[in-house]
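I opened this notebook to keep a record of what I looked up in one structure, for someone who has not seen it before. The entries follow the order in which I went through it.

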Amino acid sequence: MSNGLIREIAEELLATRQRLEPIAITSAPARSLSRLIGRLLPRLLRPPRIVLLGEFNSGKTTLANALIGADVLPTSIHANTRIPIHVYHSPEPMISVELRHGILKPLDGKALSDVLSGRARMLHVGLAAQRLKLFELIDTPGLGSGDIRLDKVNLDCCLQANIAIWCTTSTQAWKATEAKTWASISNRLHRNGLLIATLADALNSDRDRMRVEERLRNEAAPSFGGMAMVTAADVDELRRNPDAADHAERWIKSGGEKLDAEVARLVDQVWSDRRTSMKRLLSRAATRMTNAS
Ligand SMILES: Nc1nc2c(ncn2[C@@H]2O[C@H](COP(=O)(O)OP(=O)(O)OP(=O)(O)O)[C@@H](O)[C@H]2O)c(=O)[nH]1
Ligand SMILES: [Mg+2]
């Protein structure tokens with residue numbers, strides 16, 4: 001599981017850094033490798049980041065809350081999320097605003113006016129929710145609203161994400177505009193992509209549900225790492241009420257079981273990819289140092 005892998009990666013890197021210490025005094029390559037490890041460690045050890053994407057009102061924020069297991073973010077039938085919101089684990093509640101060039105500011109009156117005027121790029125919110133130790137989330141405003149600047153800010157969030165969840169509304173699933181936007185996103189996120197057909201309770205019958213699922217499996221699923229049909233409102237309620245009547249049956253019907261299994265699989269895949277690329281990087285650096293000495 002991921003925790004074992006995290007420890008293994010951290011221990012390998014720290015041990016390498018310690019071995020480099022005596023050599024780094026006289027060797028420039030050893031010094032630069034030691035600095036590289038210092039820079040990489042915090043990024044490598046941070047929980048995988050999931051970006052939630054989709055057109056407006058497709059249930060992204062409701063799904064974000066259901067994944068976290070807490071009402072962290074406001075939802076609405078009106079176009080609601082105005083700025084990407086990054087939610088991460090923090091023992092104390094934290095909130096900061098990211099401006100251009102990655103500059104971070106505490107949320108004061110000036111920063112709030114930057115948010116309202118659209119100058120801010122992202123809100124960062126730290127919360128003590130247990131599930132945020134497994135993954136971080138970026139909830140985004142709806143794509144395809146006609147605001148090209150907002151679409152660009154949204155798609156820029158993908159650069160910071162390890163996993164993408166695309167939310168498509170079950171009753172009008174996988175429109176041509178959605179397929180076009182998804183195709184423009186990096187293949188890296190297609191492999192680590194999860195297609196969620198949201199608001200599954202809005203479908204009238206099991207037959208409709210099977211039809212939508214089959215169409216998505218044929219038309220969309222090949223460009224994703226996995227898919228699930230989810231009623232996020234129910235997942236949210238059931239996660240908070242583990243003693244609810246018929247919990248096991250309803251958990252499966254809501255899509256909660258499939259959703260959690262798919263997210264856990266992708267999160268593990270990210271840890272495993274990080275470990276592989278770290279090993280490759282360390283072995284390349286070791287070869288460079290041997291050649292240099
Ligand atoms: N019945 C039902 N309603 C849902 C479900 N998920 C979301 N909704 C409702 O759909 C509406 C839109 O949900 P949001 O989660 O705000 O959608 P969003 O994609 O974040 O919207 P924007 O941020 O505006 O793009 C809200 O009124 C939600 O209560 C669901 O599983 N079932
Ligand atoms: Mg939203």
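The entries below go from the domains to the sheet, then to one helix, the ligand, the core and a few loop residues.

**Entry: domains.** I began by noting that this is a predicted model. I then looked up the domain assignment, which gives domain 1 as 1-45 + 278-293 and domain 2 as 48-254. Taken over C-alpha atoms, the centres of domain 1 and domain 2 are separated by 35 Å.

**Entry: the sheet.** I traced the strands next and found an open sheet of 9 strands with mixed pairing, in the order β4-β3-β5-β2-β6-β1-β7-β8-β9. At its edges are β4 and β9 (226-229), each of which pairs on one side only. From one strand to the next, the twist averages 25°.

I went through some of the pairings one by one. Strand β3 (residues 94-98) runs antiparallel to strand β5 (residues 122-127), and 5 bridges join them; in this pairing Val97 has Leu123 in β5 as its bridge partner. On β4 (residues 104-106), β3 is again antiparallel, with 3 bridges, and here Glu98 stands opposite Leu104. The hairpin of β3 and β4 has 5 residues between the strands, and in that hairpin His101 takes a positive phi near 60°. Strand β2 (residues 85-89), by contrast, pairs with β5 in the parallel sense over 5 bridges, and Ile85 stands opposite Leu123 in β5. I noted for myself that strands of a sheet pair through backbone hydrogen bonds, either parallel or antiparallel.

**Entry: helix α3.** Which strands does α3 touch where it packs on the sheet? I found β1 (49-54), β2, β6 (136-139), β7 (163-169) and β8, and the direction of α3 makes about 165° with that of β6. I then checked how covered the helix (residues 60-68) is, and 9 of its 9 residues are buried. Among them are Lys60, Thr61, Thr62 and Asn65, along with Leu63 and Ile68. Just after α3, Gly69 takes a positive phi of about 85°.

**Entry: ligand 1.** I looked up what lies around ligand 1 and counted 23 residues in the shell, the closest being Thr61, Thr62, Thr75, Thr81 and Gly142. The elements that give two or more residues to this shell are α3 and α9 (232-240). Of the elements, α3 gives the most, with 3 residues.

**Entry: the nonpolar core.** Which members of the largest nonpolar core touch the most other members? The core has 59 residues, and the answer is Leu52, Leu63, Leu137, Ile165, Leu194, Ile196 and Val230. Helix α11 (residues 256-292) gives the most to this core, with 6 residues. A second, separate core has 5 residues, including Leu20, Ala30, Leu33 and Ile37.

Leaving aside neighbours within four places in sequence, Leu63 is in contact with Leu52, Cys167, Ile196, Thr198, Val230 and Ala232.

**Entry: Asp201.** I found Asp201 in the loop between β8 (193-198) and α8 (206-219).

**Entry: two positive phi values in loops.** Asn57 is not a glycine, yet has a positive phi of about 60°. Asn57 is found in the loop between β1 and α3, and counts as partly exposed, because there are 19 C-beta neighbours inside 10 Å. Asp246, also a residue other than glycine, has a positive phi near 55°. Asp246 is found in the loop between α9 and α10 (247-254). With 9 C-beta neighbours inside 10 Å, where 12 or fewer is the limit for an exposed residue, Asp246 therefore counts as exposed.

Key:
Residues are numbered from 1 along each chain as its sequence is written. Chains are lettered from A and ligands numbered from 1 in the order in which they are written. This is a predicted model: local features need pLDDT of at least 70, side-chain atom pairs count only at pLDDT 80 or more; totals for chains, interfaces and linings use all residues. A nonpolar core is a set of buried Ala, Val, Leu, Ile, Met, Phe, Trp, Tyr and Cys residues joined through C-beta atoms within 7 Å. A residue is buried if 20 or more other C-beta atoms lie within 10 Å of its own, exposed if 12 or fewer, and partly exposed in between; C-beta atoms are placed from the backbone. Helices (H or I, at least four residues) and strands (E, at least two) are DSSP runs, numbered from the N terminus. Two residues are in contact if their C-beta atoms, placed from the backbone, lie within 7 Å. Domain bounds come from an automatic or database domain assignment. Two strands pair if DSSP finds at least two bridges between them. Axes are lines fitted to C-alpha atoms, for helices over the stretch in contact, and angles run from 0 to 180 degrees between N-to-C directions. A residue is near a molecule or strand if its C-beta atom, placed from the backbone, lies within 6 Å of it.
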